[in-house]
Amino acid sequence: MCNDNLAGEPVVTDTQVNLPGRADVIIVGGGVIGCSIAYHLAGFQSLDVVLLERRQITSGTTWHAAGLIGQLRGSINMTRLARYTRELYDGLEAETGQATGYRQCGSISIATSAERFEELKRNASMAKVFGLQVDVVTPGAIRERAPLLHTGDVLGGIHIPSDGYGNAVDITQALAKGARAGGAQIFQNVPVTAIRTGAGRVTGVSTGYGDLDADHVVLCAGMWTRDLAATIGVNVPLHACEHYYVLFESVAGLEEDLPVIRDYDACTYYKHDAGKLLVGAFEPNARPWGMDGIPEDFCFDEIAGNFDHFEPILQDAMARVPALEAAGIQKFFCGPESFTPDVRYHLGRAPAFGNCFVAAGLNSIGLQSAGGIGKVMAEWIRDGQPPADLWEVDVRRNMPFQGNRKYLQERVSESLGLLYARHYPFRQYETSRGVRKSPLYDRLKAIGACHGETAGWERPNWYAPAGVEPVYEYSYGRQNWFEYSAAEHRAVRENVGLFDQSSFAKYRLEGRDAARVLNQVCANDIDVRPGRIVYTQWLNGKGGIEADLTVTRLSEDSFLIVTAAATEVRDFHWLKQHIPAAAHCVLTNITSAMGVISVMGPNARKLLQPLTPADLSNEAFGFATSREIELGYALVRASRITYVGELGWELYIPTEFVLDVYDAITAAGESVGLVHAGYHALDSLRIEKAYRHWSHDITDEDTPLEAGLGFTVKFDKPGGFIGREALLKQQEQGLNRRLLQFRLLDPEPLLYHNEPIWHEDRIIGHVTSGSYGHTLGASIGLGYIDTSDVADVSELPGDTFEIEVAGIRVPAEASLRPMYDPDGGRIRN
């Protein structure tokens, strides 16, 4: 039992607990996240909601939150959630009568390097897409708003007038009060001892006071979530780290209206706190905590911390705020916060159970995210699908190995510091590397491969020539690998290149009902003859794209499904949950069983034909054909398909034969000038051809019709498909947005993502993905534009667009068709 009741609520004793027998939704955890979900669910007035807190509300980590309420995040949808949070808190005190301590004082983020200033300006441009005011400001303007700061080394910054701060305990209590007013029941000092399951669903929870049945269970247990979820086989990778801040008193010149200050390059933030100045940090090389488990009686607790670890941060803080040298330290604080492997929180439906949800691993941004999380989680639970594209925080992105304790301890020591590190394009993690390796890893490393990491896979992103160290040198401009990747790109366009794509996720669906089941899930018709490859999407009920992949029919009752490495868990479970219980078919993940070597380019046939007795001619082996061939000592599945817009084959090879096949190809490749190519070249090649990338250009919010993929939709196939009715309705009503390809008319600026698209002095969309088109000679981007006022988008003048890059609008041309090889002749020869 907690000794301190900071929550301000009556403590429930054993004799006072009278739990209901069931609820529509049980929420486990009474921090700000759990209380926000309860608040939003109660607002529907149609669900019985019960929240169970092991100790007292806020007693885990919420109580010691610094209270920052910022809105500008690294992506558009995350910024929208944070913006909603701020708007919710703005009126929460008036609505509930509970004080929140909310104050809108604005925030200033400063830049002391050109690279940081570039990042801030790009974020300010992104904010324009949805109307969040973010002003780029000079050192003089910063000094005027925050006279405490030393600005001699400051190049500039951004000012967000609507940011602020609040009291985390008070805000959580206000959410809890609002939840109770809506009918939710909140029980404190009721630990959940087990999650009950049966028939592939969660059925409720067990407590020391009895069992509760539920239609849905939501795990919001903060740093306890990983272990609790693991008891039912749900993977929620997170680990606690020490988080520090210091309260200074008697700070000369401290004013109540001081904006929240973020000095990212020094890893620090500053906030007025009841007449004192709070200085906190997200430092590199953080210290993991709780490796042996979290004490059962942990409640409103601090941890010892290490002053020597934090002292360098304090020295930098005193340089930034000279008045701190004469101020006194009232409080040196260290408390645990849970962090995730990729510094993105975990949200949504657990893949193993259709009615178990997760909201945890908030990476110290729980308070400023809680409102938005509560809203989207409540809507997700009510409607059965997310209200927006939440893939970047979706719990289904996690791979099973990421729950490994050793992996987590090493990774979170880096994760914490990444919150304030420069968010360079293509930045790679440095810890917990080498987890998943292709059979070719050592071969490729020996010839200069610089590996990046995706879903734990070590993948060659680019190749360094002899004498060059294969190490990234980051910037927002042309990074050190730019010209090397350009050479790989040109080799694929003009000759032939080899890609290691072993990280593809691969499944087999087999059984007499496999074709029927798969055709209901696929928008395209996969009931084709064996040996054919079908490019298709999997859609949700709204017509949004849940997956983008290929299906190869191997035989009458066997199919090979190939999708992206990052969506291995998500796509597997999407298909699995749509297999009826009575269907006679089995889904198997065979990702680790096969490596993939892709040979791409106009001379791909010239290279491969001498290595196999199979006829690779266009007449005998046409596009979208797949068959087993002999190559080296192996039987290889050769699939004639492409993601680069050139002639080529993806070779699916049993893992133990990969090295032999690779050696045969590379030996033969010496005579034709074979070049190894990495994933950066793959990306620049695909974007020239306007090939869509799931999670950037197409998501569960986008339909195939909007994305220009209507050719993959077979409305008239027998049995229909998921999302058919929604697409028919959209087709009848007309499209309000379309995906276009853009090329900057200036060859120097670089596009990445989220840059605003202007037309006739109005923002009409944003770039969803961008890369440099080495064949087209400029940066290429894909992006949706608002076409609600356009009768025929094809009649828009193609050269009347501008794309804003770090505050500068750059003229661009646009096209509905691919700018490279628009008729697709090169892939079919």
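Analyst: **Cavities and their surroundings**

Three cavities of 30 Å³ or more are found in the structure. The model is a predicted one, in which local features need pLDDT of at least 70 and side-chain atom pairs count only at pLDDT 80 or more, while totals for chains, interfaces and linings use all residues. Residues are numbered from 1 along each chain as its sequence is written, and side-chain values use heavy atoms, with hydrogens and water left out.

Rolling a probe the size of a water molecule over the atoms shows where empty space is left. On a 1 Å grid over the protein atoms alone, a cavity is a set of points where a 1.4 Å probe fits but cannot get out; a pocket is an open set with protein on both sides within 12 Å along at least five of seven lines; lining residues have an atom within 4 Å of a point. Points are joined across faces, edges and corners, and the volume is the space filled by probe spheres set on them.

The largest cavity has a volume of about 40 Å³. Its lining consists of Ile533, Thr550, Thr552, Leu560, Val562, Ser639, Ile641, Glu650 and Tyr652. Two or more of these lining residues come from each of β25 (545-555), β26 (558-563) and β31 (648-654). Such labels are DSSP runs numbered from the N terminus: helices are H or I runs of at least four residues, and strands are E runs of at least two. By class, five lining residues are nonpolar, three are polar and one is charged. Here Ala, Val, Leu, Ile, Met, Phe, Trp, Tyr, Cys and Pro count as nonpolar, Asp, Glu, Lys and Arg as charged, and the others, Gly among them, as polar.

Next, the strand pairing. Strands of a sheet pair through backbone hydrogen bonds, either parallel or antiparallel. Two strands count as paired if DSSP finds at least two bridges between them. β26 pairs with β23 (residues 505-510) in the antiparallel sense over six bridges, and Ala505 stands opposite Thr563 of β26. β23 also pairs with β27 (residues 586-589), again antiparallel, over four bridges. There, Tyr507 has Asn589 of β27 as its bridge partner.

Now a charged side chain elsewhere. Arg570 sits in helix α13 (residues 568-577). Arg570 counts as buried because its relative accessibility is 1%; buried means under 20% relative accessible area, exposed over 50%, and partly exposed in between (1.4 Å probe, protein chains only). The side chain of Arg570 makes polar contacts with the side chains of Glu546, at 2.5 Å, and of Asp394, at 3.5 Å. A polar contact is a pair of N or O atoms within 3.5 Å; within protein, one must be able to donate a hydrogen and the other to accept it, and residues adjacent in sequence count only if both atoms are side-chain atoms.
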